[in-house]
Structure formats: C-alpha cells, structure tokens
Amino acid sequence: MKFYASFFCLFVFVSSAQTIKDCKYRFDNYLNFKGSLNRSVKFESNAFYLMNKGEKEFAVYANEIKLLSDYFQHATAEEQERLIRIKKTNKFSKKQVDSLVSSFKRPTIRNFGAQNLPLKGYRIALDPGHFSTNLADAESEQKYLYFVADTINARFDTIKIFESALTFNTAHILKNMLEEKGAEVFITRTQADFTSFNCTYQDWIKLYKERALDSLQHFKILSQEKYKKLLNANNHDLFWDFFRDYELANRADKINAYKPDVTVIIHYNVDEKNAPWKQHTQKNFSMTFIGGAFTADNLSKTDNKINFLRLLLTNQLNRSENLSAKAVSNFNKILEIPLAKASDADYLKDNCIATVSPGVFCRNLALCRRVNSPLVYGESLYQDNEKETGLLMRSDMDIYGIRANDRLYKVALSYYQAIEMFLIKK
C-alpha cells in the first residue's frame, strides 16, 4: 500500500498539474460547441459533473484530476469504460486510488536527444489520409480530382490527382526527415493505395468484409437488418455506410497502440464551393484542426464520453493548439498560402470553434477525438487551386526515393519544423 501511494505521488508529480479552472478553460474554449453542452456538463468550485436528464451521472473532484488525467491517457478503453460505470458520482477512497494507480503502466523512461539527433527518443505517428489511387476506389471515396483536358479553349491539360498519393508521399518524406534527427516514426498505411488494414479497399472487401461483419453481428454491434444491408451493398454504399468510420477507428487504434508523443494527420483540401471539382478555383487557404467542438448528442455514447473526459482532463488540447499553430504558420510562410478564417468556409463557420491561434480550429472529427496524443490535423492547401493542380502533378524531384515535387517537400518541411520546435522548444 505504501509503495502504491508513493508511486501515485511520483506519477502525478511528473504530469502537468491540472485544476478545475484548467478544465473549465478547455470546456469553454475548445469543447463546448456554441453552448450545446451547457446542460450536459456542470462545473462547481471543487468538481465538475457529466449530467444526464438533469441528474449528475459522473463526477470528477478537484483532488482526483491528476489521477484521472493520467488514467484516461494510459488505461485501456475497457478499463476506462469500467471506471465510468462504477465510479459514477462517488469519491475515490485511498484504497481505490492505490488500485487505479497500479492498474495501468507507467510510461517507459526514455533518453531524449543526442548530439546531432535532437529528436532521439521521441515517437511520432503519421497518418496519411485516404487510400484510393485509382478511379474505381476514388469513385467510392470521392477523394480525387479529374479534369479532362479542355481541348477547345486550351485552358488546361488533363488533371488527375489522388489525395491518397499526395498524403502518402508527404508522409514518406516527413518520416525520413524525422528519422534523420533520431525520431522513431510509425505510419498507419504502408503503401499509397493501402487502407490502414494494409491492403487495398478491393482486397479488404474480398478477404475481410464478411468476417468483419459476422463478428460485429455476433457481438450485437450490428443489427440483423444492418448486417444484411451491408453484406449486399455495392462498394460505394459500403464505404459511406460502414467502411469509412470502421477504417478511421482502426487508424486511431493503431496510433494509440504505438503511444506516440505527437501525431500528424496529413490531408490536402479542396474548395467546398467548387464541387463537384471538375474545374479550378482561385481560392487557396491553409488550416489545421484539433479536437473539440462537441455537441450534447456526442455524449450519448460511452466511447465519446471517454474521449471527451480525456480531452477535458488532460492538456492535450492545449498542446495540440500549440503544435498546430506552428504547423499552419509554417504553411503560411513556406507555401505562401493565407491562413483560413472562419468566414472562408461554411464548415469552419458552422462546425468548428476558432481558437485564439490564427488558422487553428477545433473540429469533432473522428481522429481528432479518438487519437490519444497531442496532434495536428493539417489541410495545407487547396488541390483544385488553379496554380496548385499543375504543381502537385509534377514528379520532377527525387526525395528520399520518392518521385515527388516541391509542394509536397515544402508541406513535409512545414510539419517537420513544427514538430522540432514543439518537442525541443526552440
């Protein structure tokens, strides 16, 4: 018992101290989307509560914040779910504190930094978004540009861009940059045309679809009706009704199993007003996303409550804003693209909370919510911009064995410099 008590004191000492005031700041500035959580979360001077139909359902008291902050970062999802179910509004006893502290592993002590290897000891996860690199898969995922050449007016050549290839090549370049400085790097996809299951979408359908659906039906996660519908769905409907969310959850699970110090989620954007993206746009903006912007209905599921509590209790959102501000500032300087404001896109105005850092927005995307580390979700440029399309299609540079171009190199460099500044606090 004495050992566990001492262990607890040491463990929370090395963690960033958090208070009710810190939690309230995150709630107001990152998490509470347009006041929609006002009835779902209640703050008092010495505690805060998750509410259910006006009744207090789960409590965190001021003297429990340090312990629960560590717990929601290091315990398994099953352990966290059990804690929420059992604790409710009760206060922890000394015995329960000791039991909780002993139930999850301390982070491994690592030696950080070395001469010429400033990132030695750091673990960095990279998630290159999407997976389609052919028109068949791209029709399902809807993440590509295909402008057929305008032969009459000679305004442009044929444009064919797959976002999955852009993100994967950017991740490959960034991985090499980071490893040269000593970092350990994990990428969620191992090929440009692979999903996070390390196979193509078509191969997943052939090899794993029935097994996955059978398992989910067996555990009553899928109803019989939904199971039959998905089993017979075409590839497009299967993607939007099931695979998209299923695959994103797998990405998050792989990242969290790696236990990174930083996660970089790499995407390239398009002009929403330019749909269906068969022509160019003059617009071009850079932006980054972090977690937050929860609404009351998000807290109806236990896994969302777990993610909400982690983001509320820990300083991950504060640190994600710091990292993301550095990344988007680099996009602006290195790529020479203006930072987006909330008025520059409907989804920024209608679905996001603008942080105090220009170009950084809280958005309740699946990965921003589920990934358990400081993160940056980057949208560095608009692929359909009239200047970017031609630049992005080039393969005139050999960068770490990848045929790429100056734009991808500069995006990777922007992320690299942000990570280095964030981790070693230049």
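Residues are termed buried under 20% relative accessible area, exposed over 50% and partly exposed in between, with a 1.4 Å probe and protein chains only. At 58% relative accessibility, His-218 counts as exposed. The model described here is predicted, so that local features need pLDDT of at least 70 and side-chain atom pairs count only at pLDDT 80 or more, while totals for chains, interfaces and linings use all residues. Residues are numbered from 1 along each chain as its sequence is written, and side-chain values use heavy atoms, with hydrogens and water left out.

Helices (H or I, at least four residues) and strands (E, at least two) are DSSP runs, numbered from the N terminus. The exposed residue His-218 belongs to helix H9, which spans residues 209-218. Along the chain, His-218 and Asn-169 are 49 residues apart, and their C-alpha atoms are separated by 39 Å.

Two sheets are considered next. Strands are taken to pair if DSSP finds at least two bridges between them. Strand S2 (residues 47-52) is joined to S3 by six bridges in the antiparallel sense, and Ala-47 has Tyr-61 of S3 as its bridge partner. Contact here means heavy atoms within 4.5 Å.

A further open sheet has seven strands in the order S7-S4-S8-S12-S9-S11-S10, and its pairing is mixed. Strand S7 (184-187) and strand S10 (353-354) are the edge strands, each pairing on one side only. Within this sheet, strand S9 (residues 287-290) and strand S12 (residues 375-382) pair in the antiparallel sense over three bridges; the partner of Met-287 in S12 is Glu-379. Helix H11 lies across strand S4 (123-128), S7 and S8, and runs at about 170° to S4. Helix H17 (residues 406-424) lies across S4, S8 and S12, running at about 155° to S8.

The loop between helix H11 (235-258) and strand S8 (262-269) contains Asp-261. With a relative accessible area of 17%, Asp-261 is buried. When residues up to four places away in sequence are not counted, Asp-261 touches Arg-110, Gly-121, Tyr-122, Arg-123, Ser-373 and Pro-374.

Helix packing was examined for two pairs. Two packed helices are described by the angle between their axes and the distance between the axes. The axes of helix H3 (residues 65-74) and helix H4 (residues 77-87) come within 9 Å and cross at roughly 140°. On the H3 side, Leu-68, Tyr-71 and Phe-72 meet Glu-79, Gln-80, Leu-83, Ile-84 and Lys-87 of H4. By class, this contact has five nonpolar, one polar and two charged residues; Ala, Val, Leu, Ile, Met, Phe, Trp, Tyr, Cys and Pro count as nonpolar, Asp, Glu, Lys and Arg as charged, and the others, Gly among them, as polar. H3 is mostly covered, seven of its ten residues being buried. The buried residues of H3 include Ile-65, Leu-67, Ser-69 and Asp-70.

The axes of helix H10 (residues 224-231) and H11 likewise come within 9 Å, and cross at roughly 135°. H10 and H11 are therefore oblique to each other. Lys-226, Lys-229 and Leu-230 of H10 form the contact with Leu-238, Asp-241 and Phe-242 of H11. By class, three nonpolar, no polar and three charged residues take part.

A disulfide is taken as a pair of cysteine sulfur atoms within 2.5 Å, and by this rule the count comes to zero. Cys-23 is in no disulfide, as the nearest cysteine sulfur, that of Cys-362, is 15 Å away. At 0% relative accessibility, Cys-23 is buried. The sulfur of Cys-352 is 8.3 Å from the closest cysteine sulfur, in Cys-362, which is too far for a bond. Cys-352 is likewise buried, with a relative accessible area of 7%.

Terms used. Axes are lines fitted to C-alpha atoms, for helices over the stretch in contact, and angles run from 0 to 180 degrees between N-to-C directions. Angles under 35 degrees count as roughly parallel, over 145 as roughly antiparallel, 65 to 115 as roughly perpendicular and the rest as oblique.
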